[in-house]
Amino acid sequence: MSTEKQGMPSSSATHVDKAIATRSWSSGSAGLRLASALLLSCIALQASAQKGRNNDPAAPLQEGATMDDGPYIVVSGDTLTAKWICDGMPTEIVRPLGQDAARFPPRCAYPDEVQVPASPLEQMFVVNGVEKLAVMSDLHGQFDLAVRLLQANGVIDSERRWAYGRGHLVVVGDCFDRGAHVTEVLWLLYNLQQQARRAGGDVNLLLGNHESMTLSGDLRYMHAKYATVSNLLERPYPMLYGEDTVLGRWIRTLPTIAKINGMLFVHGGISPEFLSIDMGLDKANAAYRNSLGLEKARVKEDPVLSTLYDGRTSPIWYRGYFRDDALTREQLDDILARMGANRIIVGHTSMKRVETRFDGKVIAVDTSIKNGENGEMLLIEGQRFERGTLQGARLPLSSVAMGTRQEQRLR
Ligand code: CA
C-alpha cells in the first residue's frame with residue numbers, strides 16, 4: 001500500500017507562448033480570474049519543480065511532445081462552446097443547446113464524439129438487483145490504461161463503446177490529478193454513462209478526495225500540463241470544471257457513497273467517527289455535493305463538514321481498514337450493521353491487485369492504475385467475486401468466495 005505522497009507530477013517541459021491564447025471565456029471578473037489562473041499556474045509549476053523529476057511514466061510531458069487537451073464545454077445561455085488545445089493551439093466549436101443532444105466531434109485529446117444531453121441524467125446511489133458489476137478506482141488521468149482494462153474485461157468494445165449490457169461499472173473516485181489525461185477519463189465515463197443507460201446498465205462514478213481537492217483549488221497533485229492549459233484557456237484550472245461547464249455540472253450531481261446490491265462503495269471508507277455524525281446516505285451525498293469547491297476555512301468552521309473532510313476519518317480520506325489496530329472486527333461489524341450493508345468496497349489505498357480485508361467484508365479496488373503500468377478490476381456476478389486482469393484473465397478472490405456464515409446471511 002502507498003500514500004498520497006507518491007506520484008507527484010514533474011515539471012512540464014512544454015512551453016507555449018501565452019500570446020497565442022484567444023479571447024477569454026470569462027465574463028465579469030475576467031481580470032481577477034486571469035490573475036488567479038496565473039497565480040495557480042505559478043504555484044503548480046513551482047511545486048512540481050521543487051519536487052523534482054520522478055520515474056512516473058505518466059507524469060512528465062516530454063520536450064517536443066504535442067500539447068493536446070479537451071474538450072472543455074462551457075454553457076452560456078442557449079449556447080455550448082467546446083474548447084480544445086490541439087498541438088498547443090486553442091480551437092473551438094459552438095453548438096446551440098436545443099431539445100436534442102448536442103454532438104461534438106473529436107478534434108484532439110479525447111478521441112470520441114461527445115454527446116451532451118438536453119437534460120442531465122439523474123444519478124442513482126441506492127440500487128438493487130444489478131446482475132453484474134465491474135469495479136475500478138483511482139484512475140488518476142490514466143486514460144489509455146483504463147481503456148485497456150475496460151476492454152480486456154468486456155466492459156467496452158474495441159471502439160470504446162459500452163459492451164456491458166445491463167451491468168454497472170462502478171468507479172470509486174479519484175479521476176483527477178497525477179496523470180496527464182484527466183479530461184479524457186472524465187469524458188469516457190460521461191459518455192459511457194449515457195450508453196449504459198440506453199442498454200439498461202449504468203456507470204456509477206463516485207467522488208474521491210482528489211475531486212474535492214481540485215474543485216476547491218488545492219492543485220498540489222495536478223499534472224503540470226494543466227497549468228499550461230489553464231493559461232491558454234484563460235481560466236483557473238478549477239473553473240475549467242466550474243458550475244457553467246458540462247463536466248462541472250455533471251460532477252456536482254455525483255454521489256460520494258453508493259449502496260449497490262447491499263454493498264457499500266466509498267472512496268476511503270466508513271470510519272467510526274463518520275457514524276458519530278449520524279448521517280445517512282441521502283444527507284451525506286447531498287452535503288458533499290453542496291460543499292464541493294468550498295474553501296478549507298469554510299469547511300473547518302462547520303462541525304458536520306469538518307467531519308466529512310477530515311483527513312484521517314472522512315469517507316473520502318479514511319485508511320483505517322488497512323492499518324494494523326486501527327479498527328477491530330467488532331467495530332467493522334458495527335459499521336456494516338449501522339450502514340445496513342454486507343460489505344464495503346473502497347479505493348484510495350493503493351494495492352498491486354484487488355485485495356480483501358476482514359474476511360472479505362472489505363474489498364480494496366485501488367490497484368495502482370495511477371502508476372500507468374498495471375491494474376485490475378473487481379468483477380461481481382451473483383455470488384461470484386473475481387479479479388479481472390489487464391490480460392482479461394479472471395482470477396479468484398478466495399477469501400470472499402468462501403465467505404462467512406454472517407456474510408451469507410446478509411446477502
Ligand atoms: Ca484518493
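These legends accompany several close-up views of a predicted model.

**Figure 1. The whole chain, to get your bearings.** Welcome to the predicted model, whose protein chain holds 13 helices and 17 strands. Of its 411 residues, 57% are buried. Among the contacts with a separation of 6 or more, 68% come from residues 24 or more positions apart. The protein chain exposes about 17100 Å², and carbon and sulfur atoms supply 48% of that area.

Figure 2. A pair of aromatic rings is described by the distance of the centres and the angle of the planes. With ring centres within 6.5 Å as the requirement for a pair, the count in this model comes to 11 aromatic pairs. Tyr237 and Tyr241 form one of them, with 5.7 Å from centre to centre and 75 degrees between the planes, an edge-to-face arrangement. Are these two tyrosines buried or exposed? Both Tyr237 and Tyr241 are buried. If you widen the view, you will find them in one aromatic cluster together with Tyr72, Phe176 and Tyr226.

Figure 3. Tyr288 belongs to helix H8 (residues 281-291) and Tyr309 to helix H10 (residues 303-309), so that the pair links distant parts of the chain, 21 residues apart. Tyr288 is buried, and Tyr309 is buried too.

**Figure 4. Charged ends over aromatic rings.** Two residue pairs deserve a look here. Arg95 places its charged end over the ring of Phe104, at 5.7 Å from the ring centre. Lys132 has its charged end over the ring of Tyr164, at 4.4 Å from that ring's centre.

**Figure 5. The cis peptide bond between Gly70 and Pro71.** Most residues other than glycine have a negative phi, and most peptide bonds are trans. The bond that joins Gly70 and Pro71 is cis, with omega at about 5 degrees. Pro71 is part of strand E1, which covers residues 69-76.

Figure 6. Where does Arg178 sit? Its place is the loop between strand E8 (168-171) and helix H3 (182-198). Asp278 lies in the loop between helix H7 (272-276) and H8. Arg178 has a relative accessible area of 1% and is therefore buried, whereas Asp278, at 65%, is exposed. The cut-offs behind those words are under 20% for buried and over 50% for exposed.

Figure 7. Glu386 lies in strand E16, which spans residues 384-388. Its relative accessible area is 15%, so Glu386 counts as buried. Which residues does Glu386 contact, leaving aside its neighbours within four places in sequence? They are Met377, Leu378, Leu379, Arg394 and Leu395. With Arg394, the side chain of Glu386 makes a polar contact of 3.4 Å.

Note on methods. Residues are numbered from 1 along each chain as its sequence is written. This is a predicted model: local features need pLDDT of at least 70, side-chain atom pairs count only at pLDDT 80 or more; totals for chains, interfaces and linings use all residues. Side-chain values use heavy atoms; hydrogens and water are left out. Rings of Phe, Tyr and Trp (its six-membered ring) pair if their centres lie within 6.5 Å; planes under 30 degrees apart count as stacked, over 60 as edge-to-face and the rest as tilted. Buried means under 20% relative accessible area, exposed over 50%, partly exposed in between (1.4 Å probe, protein chains only). Helices (H or I, at least four residues) and strands (E, at least two) are DSSP runs, numbered from the N terminus. A charge sits over a ring if NZ of Lys or CZ of Arg is within 6 Å of the ring centre and within 35 degrees of the ring normal. Contact means heavy atoms within 4.5 Å. Accessible areas come from the Shrake-Rupley method with a 1.4 Å probe; for residues, only the protein chains shown count as cover. A polar contact is a pair of N or O atoms within 3.5 Å; within protein, one must be able to donate a hydrogen and the other to accept it, and residues adjacent in sequence count only if both atoms are side-chain atoms.
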